[in-house]
Amino acid sequence: MRIAALSALLVIPGAISLPPVVHRDALRPSPLQQVQLGKRVADSIRKEEHVLPSSDPRVQALRRIARRILATFDDHDAIWEYSFDVIDSKEINAFSLPGGATFFYTGLLNRIKTEDELAGVLGHELTHVRLQHWAYAYADSQKRDIGLSILLLAVHANSNLANLAGLTNDVVFELPFSRKHETLADDGGFDALLAAGYNPQGLADVFQMLRDAEKGEAPPEFFNDHPDDKNRIKRIEEKIKALGMTFPPQTPLDMGS
């Protein structure tokens, strides 16, 4: 899922602000390292997969909605290099790489009915990027592998252990996000929908669609790294009810097909 980095993010009233990351972990890749790794993996994906051209209406629709979501973010000083591409595949999946590169599969896009649903997935995935969830998962995995005593010695010898040169694409995709990170990403997607003027029911609806698809012959790849939990849908709908607001109808997704 990719194109050149989008222009500087807009700052608007009510922009979404996320808590700053503090207490730098010696094993957690820096934002710059995350961008470099994500770009490397994205380049590999573009060579190995059938990525649709920028002129494709599905790519244009994805990028148009992504720009609307990005305009709600207030981290315009961050170094993230967002890009949005579509892979022509029946897989029901979408993901963001460390640093901001984001990919959607046509298998998922073909099942999404509204712009609000698509915006919900984008908001969810981009929250993972902004809160550096992959970097935290990587650091946690390294701590488990090294062991605390060895870790302390290693950190004393070298305070910058997050050397990503030897990482393969598999390492990037094999690290699962924690339940806490998934909840934070759900909240980020919800807030992005509100800030961008979308109906937040779209986020609940797309998760319900994925649950329904999971019951079919080809379960969504999305749930390989995004645990399926019906309580997530219930939680989103409870957040909507708690707002006590009336939202505009969801906008049908027109991808020129």
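# Close-up views of a predicted model

**Overview. The chain has 11 helices and three strands.** The model is predicted. Along the sequence, the elements follow the pattern α-α-β-β-β-α-α-α-α-α-α-α-α-α. The chain holds 257 residues, and buried residues make up 50% of them. Consider the contacts with a separation of 6 or more: 77% of these join residues 24 or more positions apart.

**View 1. Three strands form an open sheet in the order 1-3-2.** The pairing in this sheet is mixed. Strand 1 and strand 2 stand at the edges. Each has a single partner strand, so one side of each is left without a neighbour in the sheet. Neighbouring strands are turned by 15° against each other on average, direction ignored. Helix 1 (residues 31-48) packs on this sheet and touches strand 1, strand 2 and strand 3. The direction of helix 1 makes about 30° with that of strand 3. Helix 4 also packs on the sheet, touching strand 1, strand 2 and strand 3. For helix 4, the angle of about 30° is made with the direction of strand 2.

**View 2. Strand 3 pairs with strand 1 in the parallel sense and with strand 2 in the antiparallel sense.** Five bridges join strand 1 to strand 3. Strand 2 (residues 94-96) and strand 3 are paired over three bridges. Here A94 has F104 of strand 3 as its bridge partner. Strand 2 and strand 3 make a hairpin with four residues between the strands. In this hairpin, G99 takes a positive phi near 100°.

**View 3. Strand 3 (residues 101-105) is mostly covered.** Five of its five residues are buried. A101, F103 and Y105 point one way from the strand. T102 and F104 point the other way.

**View 4. F95, F103 and Y105 form one aromatic cluster.** A search of the whole structure finds three aromatic pairs. In one of them, the ring centres of F95 and F103 are 5.5 Å apart and the planes lie at 25°, so the pair is stacked. Both F95 and F103 are buried.

**View 5. W134 and Y138 form a stacked aromatic pair.** The distance is 5.3 Å centre to centre, with 15° between the planes. The two residues belong to helix 5 (residues 133-146). W134 and Y138 are separated by about one helical turn, because they are four residues apart in this helix. W134 counts as buried at 5% relative accessibility. Y138 is buried too, with a relative accessible area of 6%.

**View 6. Two arginines, R68 and R130, lie over aromatic rings.** The charged end of R68 sits over the ring of Y198, 3.8 Å from its centre. R130 lies over the face of F73, at 3.8 Å from the ring centre.

**View 7. The largest nonpolar core has 44 residues.** Within this core, F104 and L118 are the residues with the most contacts. Several elements give two or more residues to the core. Among them are helix 2 (57-70), strand 1 (83-87), helix 3 (106-109) and helix 4 (115-130). A second, separate core has 14 residues, including L37, A42, I45 and A101. In soluble globular proteins, nonpolar side chains tend to be buried together.

**View 8. D187 lies in helix 8 (residues 179-196).** Is D187 buried or exposed? D187 counts as buried, because its relative accessibility is 18% and the cut-off for buried is under 20%. Which residues does D187 contact, leaving aside its neighbours within four places in sequence? They are R235 and K239. D187 and K239 are 52 residues apart along the chain. Their C-alpha atoms are separated by 9.4 Å.

Terms used. Residues are numbered from 1 along each chain as its sequence is written. This is a predicted model: local features need pLDDT of at least 70, side-chain atom pairs count only at pLDDT 80 or more; totals for chains, interfaces and linings use all residues. Side-chain values use heavy atoms; hydrogens and water are left out. Buried means under 20% relative accessible area, exposed over 50%, partly exposed in between (1.4 Å probe, protein chains only). Contact means heavy atoms within 4.5 Å. Rings of Phe, Tyr and Trp (its six-membered ring) pair if their centres lie within 6.5 Å; planes under 30 degrees apart count as stacked, over 60 as edge-to-face and the rest as tilted. A charge sits over a ring if NZ of Lys or CZ of Arg is within 6 Å of the ring centre and within 35 degrees of the ring normal. A nonpolar core is a set of buried Ala, Val, Leu, Ile, Met, Phe, Trp, Tyr and Cys residues joined through side-chain atoms within 4.5 Å. Two strands pair if DSSP finds at least two bridges between them. Axes are lines fitted to C-alpha atoms, for helices over the stretch in contact, and angles run from 0 to 180 degrees between N-to-C directions.
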